[in-house]
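Dear colleague,

I am passing a structure on to you, together with a summary of what a look through its atoms turned up. Please open it alongside this message.

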Amino acid sequence: MRMRQLQIAWLVLTIVSAFSASRCFGQPAPVRVAIVGLEHGHVTGFLNQFPKQTDAQLVGIVDADAALRDKYAQQFHLDPSLFYPTLDDLFAHQQPQALLVYTSIAQHRRIIEAAADHNIAVMVEKPLTLSLDDALAIRRAARSHHIQVLVNYETTWYPSNRALYDLLRHDSLGELRKAIIRDGHQGPKEIGVQPEFLQWLTDPAENGAGALYDFGCYGADLMTWFMHGEAPVSVTAVSQTDKPDTYPHVDDDATIILRYPRAQAVLLPSWNWPFSRKDAEVYGTKGYAIAPNPTQIRERVADASPEVGLNIPQLPAPQDTSLHYLAAVVRGQLDPDHDLTSLDTNMVVMQILDAARQSARTGKTVVLHPLP
């Protein structure tokens, strides 16, 4: 028992040291970033953290809605000169190094293609886009102009998820056989998201689906990372609307089953949980590990051994927040190759989401084929 705890403690230290990115001596110049869109409620998180860090300099905010521009200017005491009605206006007056996109999901492709034309990196809020076709177009633009396209998930910055990944990577749990990943909350209307946010979240043309896309992407992202970029053989999904008076046009609950040659994953995205949750369980041939929250895991590795709990320390910069991470990528200090944010990983995520939506609509399992 004592030896096992020491082994886990050693693993935590390994996790921290392995992801301590090399930083330049002295303080590098902040990366120039611009926000595109104010209709995504997660933009408030960025604006709240912006004054507390030095990695990024906000040089512009783009939104066509004058009322939204005024609302955020007043709420966050922002200089009116930061605001522009269109991307063209922004590009005419500023030279950002990266765009942070907080629009509806349907706008991602257009904005990424425009950024590519100006050789500007992009970080969008999850998921990458609406469809696999759009994802392929985004990949073409990124490759053609050699830009980074990143996808921001809250769960990327969870120390507990990193601990699960490293337990699998170091073979502490054996070969992965099953994962169960739950994400969601009581529903966007129930938790009181902003009106402009709720409007597009509940429109399938702007969000892709309901809970299936909104929270199914988290599990698809984690499982693709756990599987080192391998796409599933097939995707089977069911979705339903348990609250039709509240969400008449989109699903509010879904189950997605991913089949791999030697593993399965069950993703449980929902707007019907009794409270917010983002938790994951992984089961291998030697044991299991459960991440019930961002900072804790529980592990059991032998039939006769008890389950062991562990608090996981915060990840070091630049792995700890989206802004630290983005700045490191733009500066060339960090390569996002096949990690949770990377375009390669999120191409597979879009295969999964596109197939899950098709499966839920048709009632049939969808077999995946290699990406072109």
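Predicted model: local features only at pLDDT ≥ 70, side-chain atom pairs only at ≥ 80, totals over all residues.

**Aromatic rings**

A search of the whole structure gives 9 aromatic pairs. One of them is formed by Tyr 165 and Trp 225, which are stacked, with 4.1 Å from centre to centre and 10 degrees between the planes. Because Tyr 165 belongs to helix 7 (residues 159-169) and Trp 225 to helix 11 (residues 216-226), this pair ties together parts that are 60 residues apart in sequence. Both partners are placed away from solvent by the accessibility values: Tyr 165 counts as buried at 13% relative accessibility, and Trp 225 counts as buried at 4%.

Tyr 247 and Trp 271 also form an aromatic pair, and here the geometry is tilted, with 4.9 Å between the centres and 50 degrees between the planes. Tyr 247 sits in the loop between strand 8 (234-240) and strand 9 (253-260), while Trp 271 sits in the loop between strand 10 (263-270) and strand 11 (277-284), so the pair ties together parts that are 24 residues apart in sequence. Tyr 247 is buried, with a relative accessible area of 1%, and Trp 271 is buried as well, with a value of 0%.

**The contact of helix 5 with helix 6**

The axes of helix 5 (residues 108-117) and helix 6 (residues 132-145) come within 9 Å of each other and cross at roughly 10 degrees. Since angles under 35 degrees count as roughly parallel, helix 5 is roughly parallel to helix 6. On the side of helix 5, the contact is made by Arg 109, Ile 112, Glu 113, Ala 116 and Asp 117, and these meet Asp 134, Ala 137, Ile 138, Ala 141 and His 145 in helix 6. By residue class, the contact divides into 5 nonpolar, 1 polar and 4 charged residues.

Leu 353 is found in helix 13 (residues 343-362) and counts as buried at 0% relative accessibility. Leaving aside residues up to four places away in sequence, Leu 353 touches Pro 127, Leu 212, Tyr 213, Gly 216 and Cys 217. The C-alpha atom of Leu 353 is also separated by 8.4 Å from that of Leu 132, although these two residues are 221 residues apart along the chain.

Ser 322, for its part, lies in helix 12 (residues 322-330) and counts as buried at 11% relative accessibility. With residues up to four places away in sequence again not counted, Ser 322 touches Gln 49, Met 123, Asn 152 and Trp 157.

**Backbone features to look at**

Most residues other than glycine have a negative phi, and most peptide bonds are trans, so departures from either pattern deserve a mention. A cis peptide bond joins Lys 126 and Pro 127, with omega at about -15 degrees. Another cis peptide bond joins Ala 317 and Pro 318, with omega at about 5 degrees, and Pro 318 is placed in the loop between strand 14 (308-311) and helix 12.

As for phi, His 146 has a positive value of about 55 degrees although it is not a glycine. His 146 lies in the loop between helix 6 and strand 6 (149-152) and counts as exposed at 72% relative accessibility. Asp 171, likewise not a glycine, has a positive phi near 65 degrees. The place of Asp 171 is in the loop between helix 7 and strand 7 (176-184), where the residue is partly exposed, with a relative accessible area of 39%.

Technical notes:
Residues numbered from 1 in each chain as written. Heavy atoms only, no water. Phe/Tyr/Trp six-rings, centres within 6.5 Å; stacked < 30°, edge-to-face > 60°. Helix = DSSP H or I, 4+ residues; strand = E, 2+ residues; numbered from the N terminus. Buried < 20%, exposed > 50% of the residue type's maximum accessible area, 1.4 Å probe, protein only. Axes fitted to C-alpha atoms, helices over the stretch in contact; angles between N-to-C directions. Parallel < 35°, antiparallel > 145°, perpendicular 65-115°, else oblique. Contact = heavy atoms within 4.5 Å. Nonpolar A, V, L, I, M, F, W, Y, C, P; charged D, E, K, R; others polar.
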